[in-house]
Amino acid sequence: MKNIIIFDTTLRDGEQAAGTTLNREEKLEIALQLEKLGVDVIEAGFPISSPGDYEAVKLIGSRIRESSVCALARANVKDIDRAWEAIKDANNPRIHVFISASSIQMAHQLHKSPEEVLELARTMVAHAARYTSNVEFSPMDATRADHGFIYSLVEAAIAAGATTVNIPDTVGYAMPDEFGGLVSSLFENVANIQKAVVSVHCHNDLGLAVANSLAAVKGGAGQVECTINGIGERAGNASLEEVVMAISTRQDLYDVNTGIHTEQIYRTSRLVSEITGFQVQPNKAIVGMNAFRHQSGIHQDGVIKMPKTYEIIDPQKVGVPSSSLVMGKLSGRHAFKERLAELGYNLGEEDFKHAFDAFKDLADKKKQVTDRDIESLIADEKRIYAGAYHLEKLQVTCGDGIPTAAVMLNCPDGELRGDAALGSGPIDAVYKAINRIVKVPNSLTEFTVKSITEGLDAIGEVLIRIESQGISYTGRGADTDIITASAKAYMNALNRLLAEGNNG
Ligand code: KIV
Ligand code: ZN
């Protein structure tokens, strides 16, 4: 069976999504999880775009062993040299060279004629091919370009050494039949096409990124570019989990395979959401909170009798943790450790101690601790940075009077400091009290809260975004008390800000 190469661009196109800044440790954490997920190629970033991105790509290249690590470059010598510098120590480095190919972009943005673009594609792919035989070429905005011109560009790029040729639907304009047709037409109109893998890169402006990618697979594509949770420019990119699960669920239609370890999908989705601060919509296919929940009585009845009556995918196949009762107040250290191992967590002694304390705390407040709760709790523990501020104590009064908060923080110098403030509401009061201690100017730009499981004692998860000097930082916190979760999220965002040395 033909294998479809899964090229993940969460760390490049996904990071481009408005408002996201990931530091190199966060990018590495995602990259390591992508490797566990089994993606074939990780597009780690665009090294020329900033020193921070260069460093992140370099770090990822030095740590990833299984997947190929790819760096993006425009079709010029400086970009390509910088990309190569960043990935040259990777196990299997790839340079991805792109250039605009539609009349509108060539004329109004690039200010170059088609002949000049063709020449640049040829010479710059050849330049990249001097460094490595693993070169990808993308004629940007291919779906709005003249098809004859795309054939010439692709043929020239392959002749110059490209081993992957990617057809981007940059602005999400194509329809599935049309896009599948464009991909299959390459095999008839490009003489040397057999020497390269045909790839596709679809954006979701009309909600068709996944459908277009699947149509391209039918048309002969051998690589699909996608992102976790479909994040990316504007409406995003094709979602990895949807493409992979469509191929796997409809084997009767797609005679192809991917190397994705599907049981890692849910974990990867949660990690990306947590680090980027982009919530996954509840009804999102495969990884949304409601993707495997059944509301109607008839459906619930069917699923109890036989899951396949209303479930086309077994939730365990994509690693969705069960929301049935697993542990409680009386569960001991050993049982907790075993449960963590079953969920795929392998914590060191110190981390385990913190996680167990947090679990005991939670079991005191909440009778039924589910896998989802444990997963949320571990995510919380992981976000507590060494040497940063920790929330020790929090007390809030609110209601009809004046909302007031008192906080006690464990500070990086080891001292405990406390302060109090009034606010327009309880969260405002908490944030003001924290500000009186941490003293880092910033503004809160986003705040969302959702519950992890059902019931009045459910854990509430808060995701926030703060901005300082034009850079935004995300924070996450979870607790059965949403004011405490909000305080944790704020501490998390502040710690990220401080870790970047951006403290005004
Ligand atoms: O959408 C696009 O065209 C891109 C290219 C750089 C491949 O992201
Ligand atoms: Zn793109």
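A residue counts as near a molecule or strand if one of its heavy atoms lies within 4 Å of it. The model toured here is predicted: local features need pLDDT of at least 70, side-chain atom pairs count only at pLDDT 80 or more, and totals for chains, interfaces and linings use all residues. Residues are numbered from 1 along each chain as its sequence is written, chains are lettered from A and ligands numbered from 1 in the order in which they are written, and side-chain values use heavy atoms, with hydrogens and water left out.

**Stop 1: ligand 1.** Select ligand 1 and the residues around it: R12, D13, H96, F98, S138, M140, N166, P168, T170, H201 and H203. Next, show polar contacts (pairs of N or O atoms within 3.5 Å; within protein, one must be able to donate a hydrogen and the other to accept it, and residues adjacent in sequence count only if both atoms are side-chain atoms). A polar side-chain atom of T170 is 2.6 Å from an oxygen atom of ligand 1. For R12 the corresponding distance to an oxygen atom of the ligand is 2.9 Å, and for D13 it is 3.1 Å.

Stop 2: Colour by accessibility, with buried meaning under 20% relative accessible area, exposed over 50% and partly exposed in between (1.4 Å probe, protein chains only). H201 is buried at 5%, and H203 is buried at 4%.

**Stop 3: strand 9.** From H201, move to E225, which stands opposite in strand 9. Helices (H or I, at least four residues) and strands (E, at least two) are DSSP runs, numbered from the N terminus. The chain passes from strand 8 through helix 9 (residues 209-218) to strand 9 in a right-handed β-α-β crossover; right-handed means that, with the strands pointing away from the viewer, the path from the first strand over the helix to the second runs clockwise. Strand 8 (residues 197-202) runs parallel to strand 9, joined by three bridges. Strand 2 (residues 5-8) is also parallel to strand 9, with four bridges. Two strands pair if DSSP finds at least two bridges between them.
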